Amino acid sequence: MSASLQYCTFFLDGLFFGVEVQNVQEVICYQEMTRIPLASRAVQGLINLRGQIVAAIDLRHRLELRSRPTDQYPMNVVVRTEEGPISLLVDEIGDVLEIDENLFERSPETLKGVARNLIRGAFKLKDQLLLALDIEQTVNISTHPN
Amino acid sequence: MSELDGIISEFLVESYENLDQLDRDLVTLEKDPRNPQRLASIFRTIHTIKGTCGFLGFSKLESVTHVGENLLSRLRDGLLFLNPEITSALLALMDAVREMLTRIESTGQEGDGNYAQLIATLTRLQEAPQILLAEVEENLSLRDQALAEQVQISEMADESTVVNPSGLLQADEGLPCNQQQADLTPHAEPNSESVTSFSQSPKATQDTTSTGVCESSIRVDVRLLDKLMNLVGELVLARNQILQFTSSQKDTAFISTSQRLNLITTELQESVMKTRMQPIGNIWNRFPRVVRDLATSCRKQVRIEMEGKETELDKTIIEAIKDPLTHIVRNSVDHGIEPPEVRLAKGKPAEGCLYLRAYHEGGQVNIEITDDGAGINAENVKRKALERGLITRDQAERLSDRDCMHLIFLPGFSTAESVTNVSGRGVGMDVVKTNIERIGGTVDIQCQPGKGTTLKIKIPLTLAIIPALIVTCGGDRYAIPQVSLLELVRLEGDQVRQEIELIHGVPVYRLRGNLLPLVYLNKELQVENHRHECVVDALNIVVLQADDRQFGLIVEGICDTEEIVVKPLGKLLKGIMVFAGATIMGDGRVALILDVLGIAQHAGVVSEVRDRSLSELAAKIQDRQNTIHTLLLAGLGLTGRIAIPLSFVARLEEIPTSCVEVADGQEVVQFRGQIMPLIRLSQLLQCNDAIADQDKLQVVVYTANGRSFGLVADHIIDIVETTLDLKPSTRQHGILGSAIIQQRVTDLLDIQGIIRTFDPGFFDTCDVAAPNHV
């Protein structure tokens, strides 16, 4: 029997993404953010997570997707990294899915640009593709402003 | 078995402490070898260690300490006399014991080190007849005495390194030793002139730990203290939030209770911080031994003096600076202080002095390490940096001697001709700087060639909870650590326009006579101002201190002062130099903490000398070449073009030729009630295709010190903002150089030079600001 993986899923500009559930610390609703001048534009701000200050990365910007409409408030997917928790800003939260690992296929070589590094590949689900996000690469942003 | 483990770990902790104490005792004893109490105490300590090792079954430890104990017992009883060889052997014994203890700690076993050599040495030293002068005088014949003298002299020759008190006392008693340190007995007058300029204070060699042995104290795991600190930090945050609510409450009982909570929290915070404070003497106490060993191996003589041992620092700071300080001390002995012969030749005392000083000032701990060695040779440093490709030849030429000092902080730098196991691998000073900066401190180095070097380290006292001023800018709140805050200035209405002056485009404010460079926070952060620039009816200037420089930060609004908990920024944001961290405000929102030095550097207020790395310096030099200059372009003749920096132009006038008069052999016009000399530029610069007399003259008026000069050009072309790539002038007087502006070759006028030709004394009485270096 092939192993099954659990993925925490979310939506970004109509695309369906997922990260492995053990990397996710929590998922919470929109939190007020303090912007950080001079930081890379992918970093949208800092949130107060029960007394801990956590940086929030705008995934739309990171993946070079369209900007979020101003009346839409993002949700926070807080992931664990080596330097502590970091929040990923997403449009909507999906379910936690159990996926057969055989359904995974790596990104095609023709995939260019930012997505190349950030998306490990896709799971071929019945009616859609689940894009697997590489957390380590996603949070690895240079500190120079874009 | 766990009970035994507990006993063993207690044994280890106690023994480490005892060994540290023994190190200090032995080095002190060397200077005062007959001190019976000290000898007895050393003996007791070794005896204790021996006893416990025997009980715990560490036979190797036991045998080593047993021999040491025998040796010490003879010393204590006066049968033996302490000399450097014995001291070194005893110190080697300490090291061996430490080695075994470390092995016990990690593996539970003593390990299989071979200490036969050590044991043999210690045994030999017990039995070999040491030349004790008392015995010699009493028992031996003259011939034997001469022999004894000879042996002593050769021993002296071998061990002529550290101050040798035993040698001194024997010298005093008549041996014809040629000892320079003959004056330097432990009982010397504090102000004896043969000593270096630092008077030898007996206090410096006293052991502070000899007092307070019976104070009640308790050992606490450092992790527990850390946890306590964190909890107190959270409590402070919660208290801040409650205080926010009280401002909107009317219930007096609630208000008084929260006030009480406020007071208790503040006291608790202070007390917990104190638990983690340790005197810097804890680190310094190992230096006498380090210096002694190092001086011995380098064949130098170095004395160490300390002032401010009791200055307290937080434990984390102590941990962080332990290694850097050790490295600096080693550097001083290894590179700074010269060998005795060299020092004597220079007229210095053969013994070098290393002076450590620590004190609190302005919310910071200042640590100074001074040596009276050779200082740092700026040329050598530059050469080495060039050799290693750390700077370019261009940069090397621009550097002042003062700036050269900071080259030693570059990674990969070392002037040591040979790599010793002490220093010279070139990995030292940059690591020192990084470690100190990591805890928010600064390092500065000053030296006088031939006289000595001083390293100054400044570290903020408290890391976690600091008082801060909250300001607003662009609608957000920012916290400024109060330790950097000097004062607040508010300008209203007319003052805003009048009191902010521009010097070459840089806004400054006159604060009690001193010019204060101004920095607009919203510009530095590149955020928009919430109020329209034009409608500025009031300005808030926060006067800050960064390093030794002061500057004014212009912010939108000033809120309260608060105690905030500093939380570090994650790796994502660490590179942004203007922010030192973040904090959570009373209302739960996050605010960024400004790094005052970072803002000063970002705004270019602090000079390049203070920059943290030479690469930044190089970048700044590059930037200056790229700065935009505002120039007035004028034409001379049909094709010639000149440029004048706009800062030199007071007015542009069109003057009818008929108004030109002659006075004192010079062409002049009447201008605003003055006689203004005219300088015809086309004549001055020998333009061949000068335009024939025109009806009106285009005059560029330069005014300074109440006097004016008129420079006549043929026509005014434009005012441009451009970068300048200047080819310096070699031939024509009156021109600084040529550049390509608006695709035409243009000469840049040397206004000062031109005016000096006409009136040599013009600038002597001027207090005008120096022109821009182009």
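**Ground rules**

I noted that this model is predicted, that local features need pLDDT of at least 70, that side-chain atom pairs count only at pLDDT 80 or more, and that totals for chains, interfaces and linings use all residues. Residues are numbered from 1 along each chain as its sequence is written, chains are lettered from A and ligands numbered from 1 in the order in which they are written, and side-chain values use heavy atoms, without hydrogens and water.

**Entry 1: where the chains meet**

I looked up the interface and found 21 residues of chain A in contact with 25 residues of chain B (contact means heavy atoms within 4.5 Å). The area buried between the two chains is about 1900 Å², and carbon and sulfur atoms give 68% of that. Buried area here is the accessible area, taken with a 1.4 Å probe, that two parts lose on being put together, summed over both. On the chain A side, A:Arg35, A:Leu38 and A:Ile53 lose the most area to chain B, together 33% of what that side buries.

**Entry 2: salt bridges**

I used this rule: a side-chain nitrogen of Lys or Arg within 4 Å of a carboxyl oxygen of Asp or Glu. The whole structure has 41 salt bridges over all chains, and two salt bridges cross the interface of chain A and chain B. A:Arg35 turns up again here, in a salt bridge with B:Asp476 (2.5 Å, N to O).

Inside chain A, I found a salt bridge between A:Glu20 and A:Arg120, with the closest N and O atoms 3.9 Å apart. A:Glu20 is in strand β2 (residues 15–20) and A:Arg120 is in strand β10 (residues 119–124), so this pair ties together parts 100 residues apart in sequence. Helices (H or I, at least four residues) and strands (E, at least two) are DSSP runs, numbered from the N terminus.

How do α3(B) and α4(B) pack? Helix α3 (residues 59–76) and helix α4 (residues 84–107) of chain B pack at about 155°, with axes 10 Å apart. Axes are lines fitted to C-alpha atoms, for helices over the stretch in contact, and angles run from 0 to 180 degrees between N-to-C directions. The two helices are therefore roughly antiparallel (over 145 degrees; under 35 is roughly parallel, 65 to 115 roughly perpendicular, the rest oblique). Among the residues that meet are B:Leu61 and B:Leu72 in α3(B) and B:Leu90 and B:Met100 in α4(B). The contact residues divide into 12 nonpolar, two polar and one charged. Ala, Val, Leu, Ile, Met, Phe, Trp, Tyr, Cys and Pro count as nonpolar, Asp, Glu, Lys and Arg as charged, and the others, including Gly, as polar.

Next I checked α4(B) against helix α5 (residues 116–127) of chain B: their axes come within 10 Å and cross at roughly 145°. Their contact residues divide into eight nonpolar, no polar and two charged.

Last, the axes of α3(B) and α5(B) come within 9 Å and cross at roughly 20°. That makes this pair roughly parallel. B:Val67 and B:Leu71 are among the α3(B) residues in the contact, and B:Leu122 is one of those in α5(B). I noted seven nonpolar, five polar and one charged residue there.
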